[in-house]
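Dear colleague,

I am handing over the structure we spoke about, and I would be grateful if you could look through it with the notes below beside you.

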Amino acid sequence: MNLAPSEEQASIAAAAADFLAKELSIARIRDLGADQGAAAIDDGTWHRCAELGWLGLGLSEEAGGVGLGLPEEVMLFRELGRFLAPGPFLSSVLGARVAFRAGQADLAESINSGETRVGMQVGDLAIDARSDDLILALDEFGGRLYRVGESQPVAGVDPGIRFARAQTAGMVAEYMDQTLLARARVLVAAELLGIIEAVRDMSASYAQTRIQFGKPIGTFQAVKHRCADMAIAAYACAAELFQAALLVEAETADAGFHAASAYVLASNGARRSTADNIQNHGGIGFTWEQDSHLFLKRALVFENLFGPQRAAYRDILAPERHEF
Amino acid sequence: VELDTSKELKEFREEARTWLSENVPSEARPHTVGPELREYDQEWQRRQYEGGWAGIDWEPEYGGRGLSLVEQVVWYEELVRARAPRDSVFSVAFGHAGPTLIMRGNEEQKSFYLPKILRGETPWSQGFSEPGAGSDLASLRTRAVVDGDELVISGSKIWTSYGQWSDYGELLVRTDPDAPKHKGITWVIMDMHAPGVDIRPITSIDGFPHNCEVFYDEARIPLANVVDKVNNGWSVAMSTLAAERGPGFLDHRLSEIVFIDELTEYAKEHGKLADQSIADRLATVRAEAAAIRSMAYYQVSTARKGEMPGSETTAIRSWLVGVQTRAAGLALDILGVEALEWKPWTRQWLSSFSAPIAGGTTDIQRNIIGERVLGLPR
């Protein structure tokens, strides 16, 4: 099992990071977030992401996708997390898969091309789902796509995500497959890993330059250790995530266990790292103008995306033994 | 990132699994202080050697199988999966001394010492720490003076694991007291039976003498026992520690996964998962344990490209220690009042307190990660 990203996989990440840095800088994300009446991401940018193949990276070519796999999608989603990319990437990528597997190639193509967006049902909330968009309802048995009827905005915790109470019209597609949730957990774990790595680097950089008592605060062990813990969490999370991506793609018996494990590690790592990052920054970390809170809030949403963490715990406790 | 499903590797795993199912000792490893512990470990090591399972990735000319690190990892996994004895008086020999000799020893040293390790003849111990040199290892003061073609060693070492059962020791000594502290150190092969060597076991908090204090009073060894060059021992010690952070002791790391499987099985059988807080902690630590194995593969995947294990792999050890500590504590909570009896998990909990200390405290490890991986100032 080779867990080091190949050159091709690394180049997917590099190209994504390059695009995100230019087109979805933090300043631009803040502008998009300030206009809560508009969608989380504008149509122009969304279409450009679709043209880059981001919505169909792991879908076969016959499904109108790029024909790569979950490990490649992981490389992309890690960057989406790192850059706090707004927009319904996860639910659209999963939605295209549901549509194709449900035998609706045209719909899959429409999602792939950026024409149709798919938001996500999270408890009673609809996230990034406008009227007439589709919405994905995901559970341990599979996924269903519904057409969104009326959508009533609700004030939400993350300025980069639109929250609403939405009426759903009819079901559009259904794909009952237990591996869909495992796939979703792996992709969200990838975004959470990106978040852990982003705040790790943000904290390390601040600790090198912020001077107190005549020296950089990174010389203080208390600060240094919080930064080190972020690096440790990122390393463990990356390893487990890459393994989970391989196993889910190969549909092995222990795939669900590893997907749930990667998700739990990523959630826990991100919760702690994003909080510690605020502490490392001191007073400025508590302000709206500094970016720390954006990572904290995104991590919170991801942690709750599939309901209580105990659902993942059940999947982790299920196997009798670890498979070697 | 790709799944290796080669037929050869699958066959190797099957072969290992079959052999282990027929050869793992049925008797448990004695938890006593007498010579029977060494005899037990020697017998088990000999059996592995005779079966062709010693030194999977060591060169055939030294008695190894000459296979790759990947097969070595698979062998470790199967050892652990088969619940084979994994603590051993040969741990230092396989995790430290052997790899160091392979990387830094000369031909004579390799052909003399390595086969004896594989055949289960000569346990090794580690003589790095001193009463005044713990985390600050480079401040060590045990002296070695060149006298003709011999080194004369005086001083004392502490926390020498397996000292009382070992034939050889990997010893760091100061050969140039006037040089800057990292420059005057030499890595030598110590004969632990030499005159002037006094080994005194130290009883740990679990009642077992895991370590020893060793006194050297003008003990003599040939100059030929120097590994690499005189005064270049710090660099050799870094190779030793790289081996430790790398694939060395991988079976110990992986055995944590099996321990947590056992915890899970026990908790299910005894209805302990009804306590939601126990279930939550168990699930979390089980997920964390899964990462121990994936981190090993992650590291091996990068090592295959010819890189030495880097400082970022210090993260592996820090992670492991966290898992060990939490799992050992959880085991007690699962046992409840029963833990007050002298149960194996009670003993394991006590012995787990060495995890964040031995091999460099986790505090120092996190300094290393902060400084060498994240570039934070000292």
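Two strands are taken as paired if DSSP finds at least two bridges between them. On that rule strand 4 of chain A pairs with strand 5 of chain A, the two running antiparallel and being joined by nine bridges. Please keep in mind throughout that this is a predicted model.

Within this pairing, A:Gln152 of chain A stands opposite A:Arg165, which belongs to strand 5 of chain A. Strand 4 of chain A is also joined to strand 3 of chain A, again in an antiparallel arrangement, here through six bridges. Strand 3 and strand 4 of chain A form a hairpin, with two residues lying between them, and A:Leu138 is found opposite A:Gly143 of strand 4 of chain A.

The domains of chain A

Chain A is divided into domain 1, covering residues 7-177, and domain 2, covering residues 180-317. Taken over C-alpha atoms, the centres of domain 1 and domain 2 of chain A are separated by 21 Å. Where the two domains of chain A meet, 37 residues of domain 1 are in contact with 34 residues of domain 2. The area buried between domain 1 and domain 2 of chain A comes to about 3,100 Å², and carbon and sulfur atoms give 70% of that area.

Five salt bridges are counted between domain 1 and domain 2 of chain A. A salt bridge also joins the side chains of A:Arg78 and A:Glu197, with an N to O distance of 2.7 Å. Across the interface of these two domains of chain A, 12 residue pairs are found in polar contact, both residues of each pair being at pLDDT 80 or more. The elements that give two or more residues to the side of domain 1 of chain A that touches domain 2 of chain A include helix 2 (26-34), helix 5 (89-101) and strand 1 (118-122) of chain A, and among them are also strand 3 (134-139), strand 4 (142-154) and strand 5 (163-175) of chain A. It is helix 4 of chain A, however, that gives the most to this side of domain 1, with 10 residues. The residues on this side of domain 1 of chain A divide into 22 nonpolar, six polar and nine charged.

The interface of chain B and chain A

Between the chains, 55 residues of chain B are in contact with 52 residues of chain A. The area buried between chain B and chain A is about 4,700 Å², of which carbon and sulfur atoms give 65%. Three salt bridges are counted between chain B and chain A, and the side chains of A:Arg310 and B:Asp280 meet in a salt bridge at 2.6 Å, N to O. The count of residue pairs in polar contact between chain B and chain A, with both residues at pLDDT 80 or more, is 23.

Among the elements that give two or more residues to the side of chain B that touches chain A are helix 1 (7-23), helix 3 (69-81), helix 7 (250-269) and helix 9 (314-335) of chain B. Helix 8 of chain B provides the largest share of that side, namely 19 residues. The residues on the side of chain B that touches chain A divide into 22 nonpolar, 12 polar and 21 charged.

Salt bridges in the whole structure

A search of the whole structure finds 44 salt bridges over all chains. In chain A, A:Asp229 forms a salt bridge with A:Arg272, their closest N and O atoms being 2.8 Å apart. Because A:Asp229 lies in helix 8 (residues 221-250) of chain A and A:Arg272 in helix 9 (residues 255-281) of chain A, the pair ties together parts that are 43 residues apart in sequence.

With kind regards

Note on methods: Residues are numbered from 1 along each chain as its sequence is written. Chains are lettered from A and ligands numbered from 1 in the order in which they are written. Side-chain values use heavy atoms; hydrogens and water are left out. Domain bounds come from an automatic or database domain assignment. Contact means heavy atoms within 4.5 Å. Buried area is the accessible area (1.4 Å probe) that two parts lose on being put together, summed over both. A salt bridge is a side-chain nitrogen of Lys or Arg within 4 Å of a carboxyl oxygen of Asp or Glu. A polar contact is a pair of N or O atoms within 3.5 Å; within protein, one must be able to donate a hydrogen and the other to accept it, and residues adjacent in sequence count only if both atoms are side-chain atoms. Helices (H or I, at least four residues) and strands (E, at least two) are DSSP runs, numbered from the N terminus. Ala, Val, Leu, Ile, Met, Phe, Trp, Tyr, Cys and Pro count as nonpolar, Asp, Glu, Lys and Arg as charged, and the others, Gly among them, as polar.
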